[in-house]
Amino acid sequence: MEPNKLIILIGMLAISWITYSQCPTNFGTNATVTAADSPCSVTGNPVRQGFALGTQSLTIEVDATLTINGDFEVYDNLIIYGTLIVNGDVSVFSAGSAYVAEGGTFQINGDYDNGGLVFSGDTGVDGNMTVTGTFTNNSTGSVDVGDNATMQFGDFQDNGGTLSAPEGEEGCENGGCCGGGCASLPIQLLSFSATEWNGNALLEWKTGSEIDNDHFEIQKATFSNPTFSTIGMIEGNGTTTDTQHYSFVDEDFREDSYYRLVQYDFDGQNENFKMKTLIKSLSANELEDIHIYPNPSPGNITISGAAFTSYQIFDHTGKLLWAENQTIPQLAQQNINQILETRRGTFFLIFYNKNQVFEKRIIKQ
């Protein structure tokens, strides 16, 4: 599924690169991420593929990995034989095409829009595709899921687009996973939520099917203790094709916390599922601040205080250098120090949680 297209678009939004290896530097023209490179990472707001004259292709080769930090827009051809991870939303429109080949992996840690208001968007999956948010198939969109593929999503929104899958449209819309390979997944996780309930943390999750599911471990980390540790265990339902509902209450919810599920098969194999952040409700006079020190700093900085769900880094001109969602503070601190390690000057860090936005200025000497 690699159709030829012609689209004339003018303009290109600048992309700021965090260079970890020799990777493509221009997605406006034909570009390839090769297996010879170490994993590539790029940041943009958004990153745009094929936003130039003619028909362009971005190809991720077998065993190659590209991570995009920010939203991603596909205008021409995206072909994935290796791994593409997008830490943001994805839009395929303006006659754009995204194809995941057999053995390829497309991980979207946000929402996925297929098709635009006028021009079409095509998505083909013969490998593995996961959308943690909502997959929206607009009226101009078409989706083709292969016999051995897996396409998982948090929710599916049908806005009039066409869809072809081995089990038909109903399986995609209601099952949380569609494609011939879904039956081999040990767990189809349909939803996972963390909410505050009577001062405790209530975790709830739902599965669409299970194969040899022995149990779930519930793991937790906090700002003051950023290492994940197991706080509880819930038995699974073995093998079943019925929807199963699970819940767990953390009565030791004293501060902002991060929760994740680990599922274990009967033979001991396990799988980590996506993390959820839960911010402790506080009154206006109890709200904490985020502290960064030393500031100015000749080297690494330390972050303490309130927890956060996402953050962004800008330079003094307002250019976005990095953005990240759903990460524990310890990893955020490591990434911030890595990105700013060789940089000097004034930078702005923006942290977000459900109660506040923290804007911090730091000076790297």
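Val118 sits in the loop between E12 and strand E13, which covers 121-125. Together with Leu117 and Phe119, Val118 makes a nonpolar patch on the surface, and the three share about 410 Å² of accessible area. Please keep in mind that we are looking at a predicted model.

Now let's step back to the whole protein. There are 365 residues, and 51% of them count as buried. The secondary structure comes to two helices and 31 strands. The accessible surface is about 16,300 Å², and 46% of that belongs to carbon and sulfur atoms. If you take contacts between residues at least 6 apart in sequence, 50% of them join residues at least 24 apart.

Next, some charge on the surface. Which residues gather in a patch of negative charge? They are Asp71, Asp89, Asp111 and Asp113. Asp113 belongs to strand E12, residues 112-114, and Asp113 is partly exposed at 31% relative accessible area.

Asp111 turns up again when we look at Thr134. Leaving aside neighbours within four places in sequence, Thr134 is in contact with Gly110, Asp111, Tyr112, Asp155 and Gln157. Thr134 lies in strand E14, residues 128-138, and is partly exposed, with a relative accessible area of 23%.

Finally, how many salt bridges does the structure hold? There are three.

One of them joins the side chains of Arg48 and Glu73, at 2.8 Å from N to O. Arg48 is in strand E3 (residues 47-49) and Glu73 is in strand E6 (residues 72-74), so this pair ties together parts that are 25 residues apart in sequence. Glu73 is buried, at 15% relative accessible area.

Another brings together the side chains of Lys220 and Asp250, again with 2.8 Å from N to O. Lys220 comes from strand E20 (residues 200-222) and Asp250 from strand E22 (residues 244-250), so parts 30 residues apart in sequence are tied together. Are these two buried or exposed? Lys220 is buried at 9% relative accessible area, and Asp250 is buried at 6%.

Then there is Asp252 with Arg254, whose closest N and O atoms are 2.5 Å apart. Asp252 counts as partly exposed at 41% relative accessibility, while Arg254 counts as exposed at 69%.

Terms used: Residues are numbered from 1 along each chain as its sequence is written. This is a predicted model: local features need pLDDT of at least 70, side-chain atom pairs count only at pLDDT 80 or more; totals for chains, interfaces and linings use all residues. Side-chain values use heavy atoms; hydrogens and water are left out. Patches are made of residues with over 30% relative accessible area and no salt bridge: like charges are joined within 9 Å, nonpolar side chains (Val, Leu, Ile, Met, Phe, Trp, Tyr) within 5 Å. Accessible areas come from the Shrake-Rupley method with a 1.4 Å probe; for residues, only the protein chains shown count as cover. A salt bridge is a side-chain nitrogen of Lys or Arg within 4 Å of a carboxyl oxygen of Asp or Glu. Lys and Arg count as positive and Asp and Glu as negative; His and the chain ends are not counted. The place of a charge is taken as NZ of Lys, CZ of Arg, CG of Asp or CD of Glu. Helices (H or I, at least four residues) and strands (E, at least two) are DSSP runs, numbered from the N terminus. Buried means under 20% relative accessible area, exposed over 50%, partly exposed in between (1.4 Å probe, protein chains only). Contact means heavy atoms within 4.5 Å.
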